[in-house]
Amino acid sequence: MPLCTLMMNKTGKDTLTPIDTSFTKLPDHLLVEIFIRIPVTEWAQICCVKKQWANLFRGECLWRAALDKSYPSASQAKRWPGPIPRGLSQRRYAALYVSRHIFSLDGEIDEIVGHTYLYLKEQLERSTVSPPSGILHGTIIDQFLACGKSRDMAHELASQIWLAVVDNLEENEHTFLILKRLAQEADQVFLPYPYSRSMKVQWRVFEKLLTDFRDCFTHVDYYDVLTCAKSKFQPIPSTWLGY
């Protein structure tokens with residue numbers, strides 16, 4: 001049974017049974033050693049059990065311990081040049097988790113890929129208007145070039161990151177607006193290789209817009225985006241047609 005279930009009563013309140021009370025008296029360093037051995041999928045629930053536990057997850061100590069346990073080689077990783085910073089332990093853990101579970105990477109480049117994914121996703125999901133896609137893509141390319149990657153490798157890694165981010169955005173109105181802007185920007189901005197987004201990224205943007213988000217369009221917007229798609233891809237799939 002999950003730890004958080006054992007520590008909460010049936011009403012979900014922060015009320016412990018007499019048997020569980022001794023557990024809450026453990027010092028923080030022992031709680032950290034216990035928590036980092038629990039599946040990461042349960043961490044969000046554990047944070048809701050007690051304020052003390054939530055504070056542990058906000059501090060550096062737990063995340064440093066989690067890094068050492070799950071990614072022991074991370075402590076030897078050198079800092080890298082470029083516009084995307086490494087961040088503190090929690091950020092690094094998230095980046096390495098993304099690299100392993102989304103990109104199946106486990107090597108020298110893995111942490112940088114994870115940080116770049118987090119950077120792009122957060123920039124696109126900002127509540128205010130995010131920077132143009134050309135600036136975001138250029139930042140990603142500059143990051144990999146600064147780390148010594150070739151132009152071809154930088155372009156390929158950037159494409160993989162764009163595709164992963166587009167596929168992992170929540171399906172809501174904000175994502176619809178993001179994708180619509182990305183589709184319309186594709187015809188407005190021309191940048192030289194490797195600073196141009198790949199055709200497969202542009203294809204994925206139109207594919208999600210014209211299939212998953214078709215019901216979000218107004219009549220005029222649908223045909224505007226469809227016209228952009230036809231100008232870039234011939235032929236276009238029949239699944240994109242039909243407002």
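## Overall fold

How many helices and strands does the protein chain have? There are 13 helices and zero strands, where helices (H or I, at least four residues) and strands (E, at least two) are DSSP runs numbered from the N terminus.

Before going further, a word on the source: this is a predicted model, in which local features need pLDDT of at least 70 and side-chain atom pairs count only at pLDDT 80 or more, while totals for chains, interfaces and linings use all residues. Residues are numbered from 1 along each chain as its sequence is written, and side-chain values use heavy atoms, with hydrogens and water left out.

## Burial and contacts

Of the 243 residues in the protein chain, 42% are buried (under 20% relative accessible area; exposed is over 50%, partly exposed in between; 1.4 Å probe, protein chains only). Among contacts (heavy atoms within 4.5 Å) with a separation of 6 or more, 62% join residues 24 or more positions apart.

## Two nonpolar cores

A nonpolar core is a set of buried Ala, Val, Leu, Ile, Met, Phe, Trp, Tyr and Cys residues joined through side-chain atoms within 4.5 Å. The largest has 46 residues, and Leu120, Leu209 and Leu210 touch the most other members. Its largest share, nine residues, comes from α10.

Beyond its neighbours within four places in sequence, leucine 210 contacts residues including Phe217, Tyr222 and Trp240. A second, separate core of 20 residues includes Phe35, Val49, Trp63 and Leu96.

## Cysteines

Counting pairs of cysteine sulfur atoms within 2.5 Å as disulfides gives zero. For cysteine 47, the nearest cysteine sulfur, that of cysteine 48, is 6.6 Å away.
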